[in-house]
Every structure is written in structure tokens, then in C-alpha cells.
Amino acid sequence: MSQVELLRALPKITRNIKQRAAVKDPNIVALARQYGEMYWDGPREYGYGGYHYDGRWRPVARDIIGHFRLQPGMRVLDVGCGKGFLVKDLMLECPGLEAFGLDISHYALIRCPREIVGRLHLGSADFLPFPDRSFDAVLSINTIHNLPRCDALKAMREIERVSGGRAFVQVDSYLSPAQKETFESWVLTAQFHDYPDGWLKLFTEAGYSGDYDWTIVA
Ligand SMILES: C[S@@+](CC[C@H](N)C(=O)[O-])C[C@H]1O[C@@H](n2cnc3c(N)ncnc32)[C@H](O)[C@@H]1O
């Protein structure tokens, strides 16, 4: 397992933490956790605030392809693919690469780009409907923290099973009590989050041998 900054090319997001904290309530959290229209395309206090393809994942796709030495004909899976923008960009960056996605959000999947229709599966990260070692690389970006700890553990076992360890997982974390406080005032959907040590313990418990990085809300 190594920490690898595979999202370094992603443009930094501007977050109005104070505004989110001021309006956040249990109803907003419950709606966001449905991963429906409000989460993706409703007002910012419910989630993305409108998420449309803009090519932002293309340089990240390039870095992922380089890191895993992906070639045409190889198979890559994005667990928690949302609307499938990374799946599309992986295939644009490496024509002939067989990229697939899986997500729990029906709303997001039926809004995927036309080029990847048929490549996305509806399902949950803790129960992947694929054979052992069936992918050359498995990615999961900002998704596994959305499961409660026991299911996050299952999801990491599943990622290890279908990838054979050629995987990259990025999850929410924090490095100090101040960052934890900022994160807690921002977070809507995460059900399990921890300092890096807590995540590394979970990864080890799951037998995960792939790479990882942290999303730090600041
Ligand atoms: C912050 S979004 C990240 C989407 C995409 N990976 C990205 O980085 O833009 C979190 C994603 O996790 C998905 N999700 C939440 N719970 C899930 C589960 N149990 N299994 C699979 N996907 C899940 C949501 O639908 C959403 O697409």
C-alpha cells in the first residue's frame, strides 16, 4: 500500500464552509444521502450544486493511466463513478481501454455521457458483481466514506478481490482537530471518516493492498 496523489491535476474546489454549516440540517443530509436530483443538480447546500461534464477529469485520467500502465484492451473499474465522467475521460485518454463504472445512484447513471452508455452498473461498493481479479485496475474516488464502517470494510475487501491489489482509493480524512471540525461542518454524506491511522487500520483489516490518498476539506 502506498499513498499516491493521483488527483493532483484536479482543479481545486471552492467551498463556502460557513454558509454550508449555517444551513445544514438533518433534512438536507437525508436528501443528499439519496444521491438523487437534489444531491447532483440541486442547490449547493444539498451536494454538488449542478454537475456537468467539463473535462476536469481528463488530466487525472492521464495520471491514472500512467500510474497503472494501462493499455488498450485492459479493463478498469470506477467504483462510485457518479455520472461516469472519469470513465469517459479514461477512454478518451487511452482509446481501446475498456473502462466501466458502478454507482448506487440511478439518477447519476441515467445521465451519463452517450459514449459510455452500457458501461455503467447500478450497485453498491460492498457487493461488486464481478469475478475475482477481473480488472487491471480499480478506482474509487470519494465514495467509500459514504458507507458505514462495517460496509466500508466489505467494500475494501471487494475492491481487493476484483482488482488483485491494483487499485486506488481516495477517502475523506483530516490531519488535525481543526481540520476535523471544518470537515464535520461541511460533510453531508460521509458515514465513516477518520484520521489517516484509522483508515489505514481499516485497509489492513480488509487485506487491501492497493494505493490510497486522502481528501482534506480546507
Ligand atoms: C462525492 S461523489 C464522488 C463521485 C465521483 N467518484 C467523483 O469523484 O466525482 C460520491 C459518490 O458515491 C456514490 N455512492 C454512495 N454510496 C455508494 C455505495 N454504497 N456504492 C456505490 N456508490 C456509492 C454516490 O452516488 C456518488 O456518486
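Reader: In what order do the 6 strands of the open sheet run, and what is the pairing?
Author: Happy to start there, and bear in mind that this is a predicted model. The 6 strands form an open sheet in which the pairing is parallel. Their order is β3-β2-β1-β4-β5-β6.

Reader: Why is one side of β3 and of β6 left without a neighbour in the sheet?
Author: Look at the two edges, where β3 (120-122) and β6 (211-216) stand. One side of each is left without a neighbour because each has a single partner strand. From one strand to the next, the twist averages 20 degrees.

Reader: Which residue of β4 is the bridge partner of D78?
Author: Strand β1 (residues 75-79) pairs with strand β4 (residues 137-141) in the parallel sense, over 3 bridges. For D78, the bridge partner in β4 is L139.

Reader: At about what angle to β4 does helix α4 run?
Author: Helix α4 covers residues 58-68 and lies across β4, β5 (167-173) and β6. Relative to β4, helix α4 runs at about 140 degrees.

Reader: Now the ligand: how far is an oxygen atom of the ligand from an N or O atom in the side chain of D103?
Author: D103 is among the residues that come nearest to the ligand, as is G80. A polar backbone atom of G80 lies 2.7 Å from a ligand nitrogen atom, and a polar side-chain atom of Y48 is 3.3 Å from a ligand oxygen atom. For the D103 side chain, the distance to a ligand oxygen atom is 2.6 Å.

Reader: What share of the ligand's accessible area does the protein cover?
Author: On its own, the ligand has 590 Å² of accessible area. The shell around the ligand has 10 nonpolar, 8 polar and 1 charged residues. Of that accessible area, the protein covers 92%.

Methods: Residues numbered from 1 in each chain as written. Predicted model: local features only at pLDDT ≥ 70, side-chain atom pairs only at ≥ 80, totals over all residues. Heavy atoms only, no water. Near = heavy atom within 4 Å. Polar contact = N/O pair within 3.5 Å; in protein donor to acceptor, adjacent residues only side chain to side chain. Areas by Shrake-Rupley, 256 points an atom, 1.4 Å probe, with all protein chains shown as cover. Nonpolar A, V, L, I, M, F, W, Y, C, P; charged D, E, K, R; others polar. Pairing = 2+ DSSP bridges. Helix = DSSP H or I, 4+ residues; strand = E, 2+ residues; numbered from the N terminus. Axes fitted to C-alpha atoms, helices over the stretch in contact; angles between N-to-C directions. Contact = heavy atoms within 4.5 Å.
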